Structures are given as C-alpha cells and as structure tokens.
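Here is a short briefing on one protein chain. Keep the sequence and the 3D view open while you read.

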Amino acid sequence: MTPPRQRADPSPSPSPSPSPSPSSPPPLLSRLRSAASSFLARHYSTRKGGDGTGPPKPKGGGSSAPKNLRPGFVDPSSWTHFDSRAVGIKPDAIHRDALAVLRKLRREGFQAYLVGGCVRDLLLKRVPKDFDVITTASLEQLKKNIFRRSMIVGKRFPICLLKMRDSVIEISSFQTVPKYGNRSEAVNYVEELNGSDVRDILRWKDSMRRDFTVNGLFFNPMNYKIYDYVNGVRDMRKNKVCTVIPAHISFMEDPARILRGFRIAARLGFQFSSETSNAIRDLSSSIINIDKARLMMEMNYIMSYGAAGPSVRLLRKYGLLDILLPFQAAYLSDQLKGGSSDRDLMLMKLLANLDRLLSADRPCHSSLWLALLVFHSALVISPQDTLVIRAFAAMLYFGTWETTVKFLEEVGPEVSFAPETMGPSRTKLDDLMEQTSHLASLVNSSVDTLTCLHGLEQSLARFSEPPQFSGVVLTSNNDRKRLSVIFEGLASDLLSYDERRGMRGIDYWSLKHGDPAEVRFVLGKVIMDTMYDKLPCESTEDEDAAATVEPAADLAGGRSLPPLSSLF
C-alpha cells in the first residue's frame, strides 16, 4: 500500500498562534487544551510501539477499540463506513437541490459530501431541517468558478450560502479553519495515522471540529457510503448527546454549542452524556457572552421546529431558562413548588399544541412563539374569564367579530387553568366585545415582558421567588414591531376589524417568513386547541369555521420512532 502523504489536508497550514510573553501564563483555554491533547496522545495514541503493539484490546473480544474511549480520541480502529441502502435511506429522502450541488461539485473534480445533522436525521428516518454540504473546493473557488450567485457569510466559520429554488444550501470547505482557538494539537496527528487513506484523514480532521458526535457524520449519496469517525452512530444507538472533544473545552470555545445541544436533545428525545451534562452545568452562565443576535437565532432554532415544550423543560432543568426566559422560568418555579407535573400547566399545553403543528421541515417564524409567550404572560399578570380568552383566540383565527360570535355559540366543554383563568365563565355575550378588546390591550402591554428591560424587571417582581435577573433581553426592536403588528387593531373597534385570510389550512411558507396574517391565524388555533377539549368547528360544515391543518411531516410530532437497533 502506498503510504499516505504527510500533508493530507489540502488547506495551507494555519498561522501559528503568537507565543505568550514569558512574564504571563498562557490563557486558560490554551492550557486546558494542551493538557487534554497531551493526555490523549500519551494514553490513546495509535502509533505502534517498538514491540508492534497498538492500543490495548478490550477483554472479552469484540471491537479492538477500547470501550472506554471518549469522543475525540485518535483511534482509526473505531472509524467506520457503511452502505446507506442497508439502513433504508432512499434517494428521494435527499432534497433535489442538495443532490444537484453534490453532482455539480463532483463534475468540477472536487470531493463533496452531505455532512452534519442532515445525515443524522436521515439515519433516524426523520425529515432534515436542512442539507449541509462540505467539499474540497475552497470558498473562493465556490464563489468565483462554480456557484457565482452564492454568498460567503460568517466570520467565525465562513461558509458559502447558495439559494436554489425553494431551499438554501450551506456549503463549507475542508480548507476552512475555525477562527476560535487553534486545534492543531487535536487534529494534526497525521504522523500517527500511517496506513490510513488520505480521504479518511481529511474527513476525520473535519469531524474533530464538529460540535457533537451525532453531527460528525459524512454521506456520499453517489457511492451510498456513510462515514463515521467520532462514534456518532454508537451515540445515536445509546440516545446520547456527546461532544466530539472534551465537553468543557468544546463549550469554552463556543458557548452556543450548549444551546445546540439542547436543540438536539429536545428534538430527538436524547440525553446528555454525564461529561456533557456536567460541563453544561459548569458553563451555563457563559451563554450570556454570546452575541444577542446569535443568541436569538439559537433560541429560534430551539422553539420553532416542533420541540419547544421539551426544550423549555431541558432549559429549566439546567438553569438556562432563568437567563433566556426569566418570566417563564419564574412562572414554572411558582407553579411547580409542590413537585407536581407541568403537563397540566397552561404554558406547557400551549407549547405542546404549537409543537403539534410544526416540524423540522415546517418551522414557524420567531414572532409566533414570541406572541404565544406574550399572550400567556398577559394572562398570568391579569387572569381572564375563559369565554373572553376563547373570543380573543377566535378573533385571531377567524378574523372577524361576526364569525367569532357564531363560533362561540357552539361552545364546547370548558377548560380552565390556574392562575390564568377566573373559573367558570360568567361573561355575557353583551359584554364580551368590550372585555375581549381589554384583553387585547393587556396582551399589547405584555410585549414589554419580552422586549423591554424595565418591563421584564417589573413583571418579575410579582413572583415571590423570581430568578436572579441576568440582564439579557433576547428580542430586538424589530421583534417588538412584529408583535405589535400581530395584535394591531384588536384593542379597538372589533366590529370593524377584518383580517380574514381567505383560505383554509396553514400556509407553512408564509408562517416561516413571519406573515402577520398567518402568524395570527396559527396563534389563534394554538390557543383554541388549548382552551377546548374538542373544537366546535370540528363538527360544523361552515367553511369559515372549518380549518384543515396539514399533519407535520417530522416524526417528532408524536408517532413512535423505530428502534435504532433496527436501523444500523
């Protein structure tokens, strides 16, 4: 076998980091990484010694890889590849635009693979949120010679963004080196990989830069091969979320990985490994240092793709809800003092009904879940009659007062919540319009609990044991304006209010892009689903009252998943 070239990665060597002055110790992160890398090299090196022995084999047979290896160790014996057809991945599961990008890159003479979460989701028989591609072409080659309409975006880790028909493909390059930290000691053990294919080394080096092992998979649909260098498949079998390199180092390099971990765990129903869990608890407060725009982007990924309920539970468990959504954190702590279940709380019912309508390929705009939190906050601060809440929801849903009244005449079984509702409904239809407008004005005022520092502090004061306020307000002025547009007009003359959509069912394209009418419609449906055991419109033939909501395509919507043992 021809020995591989010593330089497997076609990218130029990264410039060495400047050495610290003799009078000052190296930064903590550098010292931690250096110590970890030395430990890995000493105890788990794959270089053969003078006696021809390699890593110790575990007792009892089985794989030659030590069973106690943690993600990130250099162990080619654990590298695997397998045929995608053997695990039931069908060609039509891959988006046509992603396939077109892969074929184009290969025609130009470059290696190209699907990478990351899309490969994980294909293995799990889920619909990927998006399809990411990685190639041996540089970003400059992509922009100038191959995809001239693409854009290079990102400072920390630049990528090429390509808009194609109905999708956006993110293309990264094997040549790109992340701007945070120098991981040369973790990914440049090329001298220890003699005998390995240079393409394997190239893919392995990139996988070591990934956040979690389940995101470190590569897939070449042209030869049906899936490549795993970090035990991602093993961790999927165990339903575990594990970092590729030691978790404390990984989260210190990029605290946003903590939030990405929550997104994966909540959507897939996975648990964190003990090392990852401990690191999250130790470093959770570091998310305060994330840029506000990026923090909101990560929160939107968490809340908008059909896993808002489980995400909120996880964020609360690890104390991050206190930082990100302090009002909701205080509400849950106040309601769960006796250790009861949260499943009967109105907030969690609202989120569950929201999740039922969304999925990875049918997300919502951030304005929907923000509006839902604002609505709920208004009820916590000022509890309302159940009929008033139903009328408000029906106005959002149907768009006119006349249709709302017809709908309410078919009122189904009453559902109440504490502390949000005032018990059995006592409101008469004659007074309903005025009280519904009043609720709309309260909801408008509650926008401050998410968008204004002073408003948030005031709203927290009502709780006996509010969380320590971190000073983080996620939303921007643009978010505030969007929320105002959603509730605009509801606090005035409802007889003249007319926001009918003129269609049935959810337009997911409009919902994803934040169309106010679509957000208003889905918000109304989520609230009505929460306030009724069975909607009156489910038994009526009135076209204005009927609503057909297409089922979510993602398995996260409630259908049981096949056991992983049957997939691999």
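Axes are lines fitted to C-alpha atoms, for helices over the stretch in contact, and angles run from 0 to 180 degrees between N-to-C directions. With that in hand, take the axes of helix 12 (residues 308-317) and helix 15 (residues 346-357): they come within 7 Å and cross at roughly 135 degrees. Helix 12 is therefore oblique to helix 15. The model is predicted.

**Helix 12 against helix 15**
- On the helix 12 side, the contact residues are Ala-308, Gly-309, Pro-310, Val-312 and Arg-313.
- They meet Met-348, Leu-351 and Asp-355 in helix 15.
- Sorted by class, this contact has 5 nonpolar, 1 polar and 2 charged residues.

**Helix 9 against helix 11**
- The axes of helix 9 (residues 256-268) and helix 11 (residues 292-303) come within 9 Å.
- Their crossing angle is roughly 10 degrees. Angles under 35 degrees count as roughly parallel, so helix 9 and helix 11 are roughly parallel to each other.
- Helix 9 contributes Ala-256, Leu-259, Arg-260, Phe-262 and Arg-263.
- Across from them, helix 11 supplies Arg-294, Leu-295, Glu-298, Tyr-301 and Ile-302.
- This contact divides into 6 nonpolar, no polar and 4 charged residues.

- An open sheet is formed by 8 strands, in the order 1-8-7-2-3-6-5-4. The pairing is mixed.
- Strand 1 (80-83) and strand 4 (151-153) stand at the edges. Each has a single partner strand, so one side of each is left without a neighbour in the sheet.
- On average, neighbouring strands of this sheet are turned by 30 degrees against each other, direction ignored.
- Strand 2 (residues 112-115) pairs with strand 7 (residues 217-220) in the antiparallel sense, over 2 bridges.
- Val-115 stands opposite Phe-218 in strand 7.

**A helix on the sheet**
- Helix 2 (residues 96-107) lies across strand 2, strand 3 (132-135), strand 5 (159-164), strand 6 (167-173) and strand 7.
- Helix 2 runs at about 150 degrees to strand 2.

**Confidence**
- The chain averages a pLDDT of 80. At least 70 is reached by 78% of the residues.
- Over residues 181-187, pLDDT stays under 50. The model has 20 contacts beyond four places in sequence for this stretch.
- Residues 538-568 also stay under 50 in pLDDT. For these residues the model has 62 contacts beyond four places in sequence.

Key. Residues are numbered from 1 along each chain as its sequence is written. This is a predicted model: local features need pLDDT of at least 70, side-chain atom pairs count only at pLDDT 80 or more; totals for chains, interfaces and linings use all residues. Side-chain values use heavy atoms; hydrogens and water are left out. Helices (H or I, at least four residues) and strands (E, at least two) are DSSP runs, numbered from the N terminus. Angles under 35 degrees count as roughly parallel, over 145 as roughly antiparallel, 65 to 115 as roughly perpendicular and the rest as oblique. Contact means heavy atoms within 4.5 Å. Ala, Val, Leu, Ile, Met, Phe, Trp, Tyr, Cys and Pro count as nonpolar, Asp, Glu, Lys and Arg as charged, and the others, Gly among them, as polar. Two strands pair if DSSP finds at least two bridges between them. pLDDT is the predictor's confidence in each residue, from 0 to 100.
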